[in-house]
Amino acid sequence: MKWDMLDEETCSLSRTVAVVGDRWTLLILRECFLRVRRFEAFQSSLQITRHLLSERLKKLVRFGILRRVPYSDAPKRYEYILTQKGLDLYPIIMAMVHWGDTHMGDERGRPLLHQHKTCGKLFDPVMVCSECGEVLHAKQVHVHAGPGQKQAVG
């Protein structure tokens with residue numbers, strides 16, 4: 001398996017990692033979910049080089065995760081807005097945040113708290129079964145080959 005060909009793999013995780021699997025892309029996505037939209041704001045918050053930020057933003061636009069929307073004509077400047085495809089990454093980002101809060105925290109506690117707007121309560125993200133609503137744990141899931149799985153030859 002070659003790093004630059006992950007997007008051609010059958011595995012959904014490999015194809016996802018090909019798009020969002022490097023540290024800068026994940027941090028850019030974090031900023032997007034914190035409602036950062038402008039190039040200068042990304043650069044200031046992340047302390048990332050202009051070249052690297054530009055490359056990552058172009059990739060996210062190319063894969064349909066962000067869309068570029070002009071906000072100034074002179075000079076021409078753009079905001080980067082999450083598309084539905086990008087918003088669908090929210091559970092992944094939240095799972096990583098929760099893992100970090102749980103396993104990488106220190107005595108200062110969580111750096112950010114998340115509040116559900118509907119009920120007003122602070123929450124921890126959990127993954128539940130789409131069919132029964134029960135919380136999912138790795139040891140309670142069985143994996144089967146799906147229709148997109150490569151078939152063994154011979």
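Strand 1 (residues 66-73) and strand 2 (residues 76-82) run antiparallel and are joined by seven bridges, and two strands count as paired if DSSP finds at least two bridges between them. Residues are numbered from 1 along each chain as its sequence is written, and side-chain values use heavy atoms, with hydrogens and water left out. Because the model is predicted, local features need pLDDT of at least 70 and side-chain atom pairs count only at pLDDT 80 or more, while totals for chains, interfaces and linings use all residues.

**The hairpin and its loop**

- Strand 1 and strand 2 form a hairpin, with two residues between them.
- The loop between strand 1 and strand 2 contains P75, and the peptide bond that joins A74 and P75 is cis, with an omega of about -5°.

- Helix 6 (residues 90-103) has 14 residues and should span 20 Å at 1.5 Å a residue, which agrees with its end C-alpha atoms being 20 Å apart; the expected span is 1.5 Å times one less than the number of residues.
- The residues I93, M94 and D101 of helix 6 are buried, a word that here means under 20% relative accessible area, whereas exposed means over 50% and partly exposed in between (1.4 Å probe, protein chains only).
- The buried residues of helix 6 pack against helix 2 (23-33), where contact means heavy atoms within 4.5 Å.
- The axes of helix 2 and helix 6 come within 11 Å and cross at roughly 105°; axes are lines fitted to C-alpha atoms, for helices over the stretch in contact, and angles run from 0 to 180 degrees between N-to-C directions.
- Helix 2 and helix 6 are therefore roughly perpendicular to each other, a description used for angles of 65 to 115 degrees, while those under 35 count as roughly parallel, those over 145 as roughly antiparallel and the rest as oblique.
- The contact is made by L26, L29 and F33 on the side of helix 2, and by Y90, I93 and M96 on the side of helix 6.

**Helix 1 and T25**

- In helix 1 (residues 12-20), the buried residues are S14, A18, V19 and V20, and the buried residues of this helix pack against helix 2 and helix 4.
- T25 lies in helix 2 and, with a relative accessible area of 0%, is buried.
- Apart from neighbours within four places in sequence, T25 is in contact with V19, V20, R56 and L60.
- T25 and S14 are eleven residues apart in sequence, and their C-alpha atoms are 15 Å apart in space.

**Positive phi values in two loops**

- R35, found in the loop between helix 2 and helix 3 (39-46), has a positive phi of about 75° although it is not a glycine, and R35 counts as exposed at 56% relative accessibility.
- Q47, found in the loop between helix 3 and helix 4 (50-62), is likewise a residue other than glycine with a positive phi, near 55°, and Q47 is exposed with a relative accessible area of 65%.

Key. Helix = DSSP H or I, 4+ residues; strand = E, 2+ residues; numbered from the N terminus.
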